[in-house]
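The entries below follow the order in which I looked things up.

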Amino acid sequence: MSELHKFLFDGLPVRGVLVRLTDAWTEILQRRASNTTTGAYAPAVRDMLGEMTAAAALMQANIKFDGSLVLQIFGDGPVKVAVVEVQSDLALRATATVQPQVEPGATLSQMVNVRNLGRCAITLDPKTKFPGQQPYQGVVPLFDDHGHAIEKLSAVLEHYMLQSEQLDTTLVLAADDKVAAGLLIQRLPMAGAGNLAGSMVSKENEDQIGLNENYNRIAVLASSLKREELLTLDVETILRRLFWEESITRFEPLVGDTAPRFACNCSRERVGKMIVGLGREEAEDIISERGDIEVGCEFCGLQYRFDPIDAAQLFVDAVQIVSPGTEAH
Ligand SMILES: [Zn+2]
């Protein structure tokens with residue numbers, strides 16, 4: 001079963017999160033495999049999306065935030081878009097748009113960064129927004145400071161965390177056809193920083209980047225975790241092998257009902273709005289061509305079918321919403 005564990009290194013400004021997605025991950029893969037239009041993911045795409053899913057769960061679990069965290073890669077290669085959404089309660093869904101097929105053993109840049117134009121975006125979309133509030137979004141390229149393509153998703157995200165939060169972060173990610181897993185180690189903001197002015201906090205944190213010996217030692221230990229170990233060993237064994245010389249405080253693990261799990265929040269209402277967005281003419285064209293409008297959810301595979309009467313009703317409803325109280329019918 002899927003599980004997520006948080007822990008602190010006693011007396012040190014370092015925290016960690018470890019996630020293993022099993023049933024949550026295989027459900028995403030099964031739903032994709034049973035989609036007759038797309039078929040199953042190629043192994044290289046599957047592993048990239050699995051690493052993204054583990055990373056997004058780690059990042060959501062690591063922040064205090066009520067809303068959805070969306071991790072996206074906009075590729076310039078065969079993978080056009082890969083997206084993972086994780087809600088505050090760790091309900092998650094993921095999908096990728098791939099065209100044409102990806103070769104076995106393809107690297108990250110062969111999939112999403114062929115001409116160095118690929119981008120990775122992280123969006124925090126609050127559940128309740130004040131009027132006009134936009135979701136927060138940060139975007140990083142898929143190349144390093146010297147313009148060289150980065151071949152590990154973990155390195156892309158470490159770069160993002162350093163830029164956006166001024167915090168050293170170490171990520172180890174791995175995925176296959178059964179498990180998507182990840183380990184995050186992060187340096188905490190300086191103790192007592194809460195008493196200082198905002199600008200001072202950020203300055204002091206910046207000065208600490210790369211210099212905290214305790215963080216550096218633990219980061220080296222974390223980085224020694226091999227892909228195979230992360231995929232096959234249980235959480236207790238991983239933590240004991242890596243950090244047996246450190247003193248760790250564990251939090252109550254998120255397992256069972258509170259564990260990360262697959263859930264899709266698509267709805268007939270939302271699909272209806274999308275059809276209205278196409279415009280009446282376009283919708284009527286589709287209906288005269290095929291007799292109905294059918295839209296499949298890319299995340300869960302659910303099919304939404306609108307016959308001519310349903311579709312006509314969508315536009316009637318839309319008019320009433322747009323102009324309430326005027327020209328009553
Ligand atoms: Zn869905």
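Entry 1, the sheet. I looked up the strand order and found an open sheet of six strands, β7-β6-β3-β4-β5-β12, with mixed pairing. At its edges I noted β7 (136-141) and β12 (261-262), each of which pairs on one side only. I took two strands as paired if DSSP finds at least two bridges between them. Helices (H or I, at least four residues) and strands (E, at least two) are DSSP runs, numbered from the N terminus. I kept in mind that strands of a sheet pair through backbone hydrogen bonds, either parallel or antiparallel.

Entry 2, basis of the model. I note that this is a predicted model, in which local features need pLDDT of at least 70 and side-chain atom pairs count only at pLDDT 80 or more, while totals for chains, interfaces and linings use all residues. Residues are numbered from 1 along each chain as its sequence is written.

I saw helix α2 (residues 43-61) lying across β3 (67-74), β4 and β5, at about 30° to β4. Helix α4 (residues 153-165) lies across β6 (119-126) and β7, and runs at about 125° to β7. Axes are lines fitted to C-alpha atoms, for helices over the stretch in contact, and angles run from 0 to 180 degrees between N-to-C directions. Contact means that the C-beta atoms of two residues, placed from the backbone, lie within 7 Å.

I traced β13 (residues 293-296) to β14 (residues 303-306), an antiparallel pair joined by four bridges. Ile-293 has Phe-306 in β14 as its bridge partner. Six residues lie between the strands of this hairpin, and Gly-301 takes a positive phi near 90°.

I recorded domain 1 (3-62 + 140-262) and domain 2 (268-322), with bounds from an automatic or database domain assignment. Their centres, taken over C-alpha atoms, are 40 Å apart.

I noted a mean pLDDT (the predictor's confidence in each residue, from 0 to 100) of 90 for the chain, with 91% of its residues at 70 or more. Over residues 192-200 the pLDDT is below 50, and this stretch has three contacts beyond near neighbours in sequence. Where pLDDT is low, the predicted coordinates should not be read in detail.
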